[in-house]
Amino acid sequence: MITLPVNLLDLKPEEFKKFLDSFDHVFSDCDGVVWTANALHRVGEFFDLIKKHGKTVHFVSNNSMRSRQNYEEKFKEANIENGFKSLTTPSIAIAGYLKGLNFKKKVYAMACDETVKTLNSYGIEAKTGPLVVPDDFDDYNQYAEDDPEIGAVVCDCDVKANLAKIHKAVTYLRRPEVLFLCGATDRHIYFEKGRSALGCSIFTNVVSEDSNRSPIVLSKPGKLFGDFAMKRAGVTDPSKVLFIGDMIEQDVGLGKNTGFKTLLLLTNISKEKMLAHKTIRPDFYADSLASIVPLL
Ligand SMILES: [Mg+2]
């Protein structure tokens with residue numbers, strides 16, 4: 001049986017203090033928590049106050065598509081200092097994972113430009129493409145040719161994925177020694193209440209099915225990603241982390257897989273939907289970070 005989540009706003013002052021004393025670190029999602037199209041109300045105040053309570057703050061996003069500049073602008077608009085410096089994304093985790101293995105070969109990246117840039121910034125060479133594909137199936141033979149330089153296939157947020165790229169990824173993965181790494185596994189991307197789009201994980205899933213290989217998941221809700229974020233934040237005890245997110249599968253799922261306490265914000269989900277989830281429930285919930293500010 002899974003326990004009912006607690007509404008933070010229902011807690012008595014002494015209960016809220018007990019909640020605050022139960023963690024030393026806040027790990028926060030970005031999209032849907034800190035900002036949607038624009039910065040959300042009072043988020044800068046929330047993180048300032050939480051730091052005054054002695055907590056460290058780290059950000060953990062599944063979004064590898066934003067550039068460093070864009071992330072820095074978003075954090076600035078939200079009045080959060082040094083946000084980018086304390087951010088973990090799948091592209092950073094993938095690069096860190098490969099560097100940790102002393103990976104010397106090249107990556108084939110079915111990924112967004114920003115992920116390729118991140119890999120390059122860690123000294124990892126990546127081959128990509130093609131962006132333009134033939135109309136005739138006979139011409140697809142060329143994509144079934146192996147390239148011995150490739151030592152890993154990386155799938156992460158490629159909105160320009162196509163049949164030729166999938167062909168190439170599957171071809172390289174036929175060699176068992178080729179690593180298969182992936183970023184975001186989000187099936188849907190949420191813009192605001194009631195609006196969503198398909199996520200790029202549908203392409204990763206096709207590569208996985210056709211190659212009969214399971215990727216090493218370096219994104220929420222994968223435990224490896226949670227462990228990587230902890231290492232990056234210098235945290236050793238997951239039970240001292242409160243993870244704040246707006247999605248059950250990714251955010252609360254990551255918390256459960258890694259051993260964090262979890263706080264779900266009802267930005268993109270109703271209380272009824274939260275309670276209807278069959279297997280995952282957060283420990284705590286609240287409407288928004290702004291709703292918690294008066295309690296701090
Ligand atoms: Mg989110």
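**Close-up views of a predicted protein model**

**View 1. Aspartate 29 sits in the loop between β2 (25-28) and α2 (43-52).** The structure is a predicted model, in which local features need pLDDT of at least 70 and side-chain atom pairs count only at pLDDT 80 or more, while totals for chains, interfaces and linings use all residues. Residues are numbered from 1 along each chain as its sequence is written. Helices (H or I, at least four residues) and strands (E, at least two) are DSSP runs, numbered from the N terminus. The "active site" feature in an unreviewed UniProt entry is placed at Asp29 and Asp31; UniProt positions follow the numbering used here, feature names are shortened, and annotations may be inferred rather than shown by experiment. Aspartate 29 counts as buried, with 23 C-beta neighbours inside 10 Å. A residue is buried if 20 or more other C-beta atoms lie within 10 Å of its own, exposed if 12 or fewer, and partly exposed in between, with C-beta atoms placed from the backbone. Setting aside residues up to four places away in sequence, aspartate 29 touches Val60, Ser61, Ile244, Gly245, Asp246 and Asp251. Two residues are in contact if their C-beta atoms, placed from the backbone, lie within 7 Å.

**View 2. Aspartate 31 occupies the loop between β2 and α2.** This residue has 21 C-beta neighbours inside 10 Å and therefore counts as buried. Beyond residues up to four places away in sequence, aspartate 31 touches Ser61 and Asn63.

View 3. Serine 61 lies in the loop between β3 and α3 (68-77) and is buried, with 25 C-beta neighbours inside 10 Å. Its contacts, not counting residues up to four places away in sequence, are Asp29, Cys30, Asp31, Leu87 and Thr89. Lysine 220 belongs to the loop between β11 (216-217) and α8; this residue is buried, with 30 other C-beta atoms within 10 Å. Among the residues that lysine 220 touches are Val60, Asn62 and Asp251.

**View 4. Seven strands form an open sheet with parallel pairing.** The order of the strands is β1-β14-β13-β12-β2-β3-β4, where two strands pair if DSSP finds at least two bridges between them. Because β1 (6-7) and β4 (87-88) stand at the edges, each with a single partner strand, one side of each is left without a neighbour in the sheet. Two bridges join β1 to β14 (residues 284-286), and these strands run parallel. Asparagine 7 has tyrosine 285 of β14 as its bridge partner. Helix α8 (residues 223-233) lies across β2, β3 (56-60) and β4, at about 140 degrees to β3. Such axes are lines fitted to C-alpha atoms, for helices over the stretch in contact, and angles run from 0 to 180 degrees between N-to-C directions.

**View 5. Glycine 44 lies in helix α2.** With 20 C-beta neighbours inside 10 Å, glycine 44 counts as buried. Its C-alpha atom is separated by 8.5 Å from that of valine 34, 10 residues apart along the chain. Leaving aside neighbours within four places in sequence, glycine 44 is in contact with Ala78, Asn79 and Ile80.
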